[in-house]
Each structure stands twice: as structure tokens, then as C-alpha cells.
Amino acid sequence: MKEDIEQSENRVNEEIRTPLIIQTNKSLKEEKVENGCYEKKQDRYMVYLSTFVAVCGSFAFGSCAGYSSPTQSAIREDLNLSIAEFSLFGSILTFGAMIGAITSGPIADYIGRKGAMRMSSAFCVAGWLAIYFAQGALALDIGRLATGYGMGVFSYVVPVFIAEIAPKDLRGALTTINQLMICCGVSVSFIIGTMMTWRTLALTGLIPCAILLFGLCIIPESPRWLAKMGHQKEFELALRKLRGTDADISEEAAEIKDYIETLEKLPKVNLFDLFQRRYSSSLIVGVGLMVFQQFGGINGICFYTGSIFESSGFPSDIGTIIYAIIQVPITALGAALIDRAGRKPLLLVSGTGLVIGCILTGISFYLKGHEIAIKAAPILAVTGILVYIGSFSVGMGAVPWVVMSEIYPINIKGAAGSLATLVNWFGAWACSYTFNFLMTWNSFGTFILYAAVNALSILFVIKIVPETKGRTLEQIQAAIN
């Protein structure tokens, strides 16, 4: 009888508790919906759409960078260009990008992030059309210079726009898509460039620009830029469009306003102020990484991959396609590891791989030049290039940009970022312009020279570059300065 009574009481208690538990869960769910948590997840489509539209600019960037490699032989034959003329055509892209990088900050601040992307797309469209209709070196160079300018503006404004529209829990993941889409653009140019003429390949560069121009009519402007310019009503409308109509944006809006007020109170810094003693450590780290990134040979190898394979005796079409296929997944792997493994380990692994890749490629040209192991030389060359590009993609390609965004104090970030970007593009121009001349001088010596620069970068990372993983920006800057 006691057992029956206890069981009855338990059943009654369970019946009493069950509706309360259901009601509690229901209340919590309703409360979460009211607070916008569920609505934010449902309405983030505008953030994803805006990111997709913006990274079409990154894809256009990659298309410009990857154009010269699969087209070198065809353009030189059709237009009867010398090595010097084609080297100018290949490298003038980076000269245009330098001009774009210098002017991108003021332009993006004056006409907005969307306005800067529209202008950049217009330059790319004009440049691709000039290349398509070119009948001589001058039109080619003008078109390449225009696409380079657009590329330089994209290199600044796309990551800035993504960082400014993304919620804080998605900012890191969405920002890394920028680098991934650049690699996709390069890879697609490499692959389809082996299947179509150089004029048709130029027309394909119009596709991402067209998508971008159409998409910019749909997506909102950066709320932070609107707030900075004092457009209060447009700021709130843009933020609400990005976060969802039912989301509570009051807290985020207040944070953005406070940040902008703090930024306006800080003293204005010009380029010459960067060379003060208190900023020297940050400047050395940021600029030093850009120097080693570019003078390690990446743009020479990327721009003229096809001719490297031809010179080594390996089929350029097959080598270029393999190169393009491995680049994207390895870049994605590096993006996934950067917050787990840390910045310095990735840079050290990357630098070691770059040295090995250069040495292997250099040895292949040495064997071919001295007619030793003729059959092994082409395989050694393609192995070296693939090791090189894989190593660059996993670390030295993206990590210097991440470190640069972390080490500069907020009041010098704009000026210091412009200087580092300018140094980066100058190095890209110097490397891409001299590459063909160095290969004509001594192929073996060219890659040994690049190996030496990459070996110095390893020492630089060990001695100078701090580990920034898991630290706040204030902790990083205090440790450096």
C-alpha cells in the first residue's frame, strides 16, 4: 500500500512538473525570440549576401594577378613582344596597385566603401576592355595599369567593408574569405587560361565586376562609415537591414558611436609621425613582414608560372592546373589554423617550406643546365614550385596581413597600414619586373637568391615578430612598444 501511495504521488508530481518545464522552455524560447537571438540567425542572410558581393572584388583581384601566367607565350607571339616588353606588361599591374593602395583610404573615406568598390570595378572593366582590344604594347600596358589600380583599391576596401558589416562572432571567419577568394581568382585564371585565348580570358575578368556592380545596388553601405560621416538615420537603417528588422541593435549602435567619438578625440597622425621611437617596433614588424613576403619571390613565380614549367621541360598546362588546384584548399587550411596554431608557428613552417621549394626548383635548373639527370629535372622543378606555393598559401600569404592589423595602435593604424601596403606593392612590382631578367641571367641563381631571402625571413620571425594569438590588442601593443 505504501509503495502504491508513493508511486501515485510521484506520478502526480511529474504531472505537475511537466507542464511547468514545458512552459519554462517555451517562455525562454519566446524570450530569446524577443531578444533577437533567433531572428539574428534567420536574418543574417544580408550579412552573407553583402560579404558575397564584396568578395567578388577579391575574385576580380585574383583574376588580375593570375592573368599573365597562362597568357605569356600567346601574347608575345601574337603581338611580337620582347621579354622586356612583356615584363613591363606583367609588372605594371603592381605599379597601378601601388597608386590604388595609396589613394584607397581617402577615397573610401570620402565616397564610402560602396563608392570605392564601384570606382574600382569601373577601372577593372576599362582595363580588361583595353587588353581585349589591344593591338600593341601600349594599349596592353594601359589596360594592365587600370586593372592594377582597381586591384589596389580592392585590396584595401574589401576587407575593411567586411570587417565593418560583420557581427563580432562572424568577423574573423568572413574576413578570411577575402584571401580565399583572391586565391580562387588566381586559380580559375590559371585553369581556364589553358583552355581559351588571351583575349577571351580578358573578357572573363568582366564577370566578377558585373556581379559586384549589380550587387552593390542591393546591399547597404557600411554602418560605421555612415556613423562617422554623421548620417544618423542612414546609419540606423543600414545596421537594422544587416541585423534583421526585429533584432535589438541599440547596444551595438551605442558601441559604434562611442568608438567613433573616441577615434575623433585622438590626435591625427601623418606618415612622418610613424617614425617616432615609440612606434618603431610596430613599424619594423609590420613593414618587415611585407618586405619578406614580396622579396621572397612570390609575384615573380605567380606571374610567370607557365614559363617556369616550360623552361624546366615540364608541360606548362598540366603544371599550371596542378598549381591552381592545390592553392585554394591549402589557403583554406591556413585560415582554419591561424587561431589554433598561432601566427609564429605558421610563419616558421611557411618560411621553411619556401626555402625547400626554392632549393628544389633551383637544383632542377642546375641539373638541366649541366645535362645531369635530364629526366628528373622537370619533376624536381614542378615539385619545388608546388612546395613553394603550398608553403606560401598556408602562412606567408595571409598571416602578415593579420599581424599588421593587430600590432598597430588605433591612432596610427590608417597611416601605418598605408605605408605597409605601399611597401608590399612596391616589392611586388620589383619582384615581378626583375624575374624574367634574373631567369635570363641564371635560373639556378634566381631561386637560390629567393631561398636566401626566405631563410632571412625565418630569422626575422624568430627574433622580431611577437606571437599575437590569444592576446587583446592592448596587450599586443604593450608588449611590442
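A salt bridge here is a side-chain nitrogen of Lys or Arg within 4 Å of a carboxyl oxygen of Asp or Glu. The model is predicted.

Q: Which residues are linked in a network of salt bridges?
A: Asp109, Arg113, Glu164 and Lys228 are linked in such a network. The structure holds four salt bridges.

Q: What makes Asp109 and Lys228 a salt bridge?
A: Their side chains meet at 3.8 Å, N to O, and the cut-off is within 4 Å, so the pair counts. Asp109 lies in helix α5 and Lys228 in helix α10 (residues 223–228), so the pair ties together parts that are 119 residues apart in sequence.

Q: Why is Lys228 called partly exposed?
A: The relative accessible area of Lys228 is 40%, which lies between the limits of 20% and 50%, so the term is partly exposed. Asp109, at 29%, is partly exposed as well.

Q: How do you know that Asn80 is exposed?
A: Asn80 has 67% relative accessibility, and exposed means over 50%, so Asn80 counts as exposed. Asn80 sits in the loop between α4 (68–79) and α5 (83–133).

Q: What is the phi of Asn80?
A: The phi is positive, about 55°, although Asn80 is not a glycine. Most residues other than glycine have a negative phi.

Definitions and conventions. Residues numbered from 1 in each chain as written. Predicted model: local features only at pLDDT ≥ 70, side-chain atom pairs only at ≥ 80, totals over all residues. Heavy atoms only, no water. Helix = DSSP H or I, 4+ residues; strand = E, 2+ residues; numbered from the N terminus. Buried < 20%, exposed > 50% of the residue type's maximum accessible area, 1.4 Å probe, protein only.
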